[in-house]
Amino acid sequence: MAIFLFLFGFAVKNDQLVGLQFFMGGAWQLPLVFVILIFFAAGAILGATATMISLFRLRREVYRLRRRVSSLESDASAASPPVAEAQSAESL
């Protein structure tokens with residue numbers, strides 16, 4: 001609630017129009033609070049997208065490594081004799 005009140009007070013105090021000049025002669029007149037909100041939202045979306053890309057890459061790597069561990073464990077269990085048979089072979 002305190003953050004909302006702070007931001008609301010900020011928006012009320014900064015209601016002046018600012019001009020955004022674009023290439024090719026384009027321009028917008030917007031209140032300062034909208035400009036700040038637009039750029040904040042764009043940054044949040046860009047940051048979330050970068051985080052999700054990294055997260056999916058790491059999940060894919062974990063899946064690949066788990067498959068590799070599983071295949072190595074199955075190869076190791078197939079290559080070594082069971083413990084009971086190994087003990088009876090030693091007693092001979």
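Predicted model: local features only at pLDDT ≥ 70, side-chain atom pairs only at ≥ 80, totals over all residues.
Residues are numbered from 1 along each chain as its sequence is written. Local features need a pLDDT of at least 70 and side-chain atom pairs count only at pLDDT 80 or more, while totals for chains, interfaces and linings use all residues, and side-chain values use heavy atoms, with hydrogens and water left out.

The protein contains three helices and two strands, taken as DSSP runs numbered from the N terminus (helices are H or I over at least four residues, strands are E over at least two). Read from the N terminus, these elements follow the order α-β-β-α-α. Of the 92 residues, 3% count as buried, where buried means under 20% relative accessible area, exposed means over 50%, and partly exposed lies in between (1.4 Å probe, protein chains only). The accessible surface comes to about 8400 Å², and 71% of this area belongs to carbon and sulfur atoms; such areas come from the Shrake-Rupley method with a 1.4 Å probe, and for residues only the protein chains shown count as cover.

On this surface, Met-1, Phe-4, Leu-5, Phe-8 and Val-12 make a nonpolar patch of about 610 Å². Patches are made of residues with over 30% relative accessible area and no salt bridge, with nonpolar side chains (Val, Leu, Ile, Met, Phe, Trp, Tyr) joined within 5 Å and like charges within 9 Å. Leu-5, one of the patch residues, is placed in helix α1 and counts as exposed, at 51% relative accessibility.

The largest pocket has a volume of about 170 Å³. On a 1 Å grid over the protein atoms alone, a pocket is an open set of points with protein on both sides within 12 Å along at least five of seven lines, unlike a cavity, where a 1.4 Å probe fits but cannot get out; lining residues have an atom within 4 Å of a point. Grid points are joined across faces, edges and corners, and the volume is the space filled by probe spheres set on the points. The lining consists of Leu-7, Phe-10, Ala-11, Val-33, Phe-34, Ile-36, Leu-37 and Phe-40. Helices α1 (2-13) and α2 each supply at least two of the lining residues, and α2 gives the most, with five. By class, the lining has eight nonpolar, no polar and no charged residues, where Ala, Val, Leu, Ile, Met, Phe, Trp, Tyr, Cys and Pro count as nonpolar, Asp, Glu, Lys and Arg as charged, and the others, Gly among them, as polar. Val-33, placed in helix α2, is partly exposed, with a relative accessible area of 23%.

A search of the whole structure finds one salt bridge, defined as a side-chain nitrogen of Lys or Arg within 4 Å of a carboxyl oxygen of Asp or Glu. This salt bridge joins Glu-61 to Arg-64, with the closest N and O atoms 2.7 Å apart. Both residues lie in helix α2 (residues 32-79), three residues apart, or about one turn of the helix. Glu-61 is partly exposed at 34% relative accessible area, and Arg-64 is also partly exposed, at 40%.

In the loop between β1 (17-21) and β2 (27-31) lies Met-24, which has a positive phi of about 65 degrees although it is not a glycine. Most residues other than glycine have a negative phi. Met-24 is exposed, with a relative accessible area of 87%.
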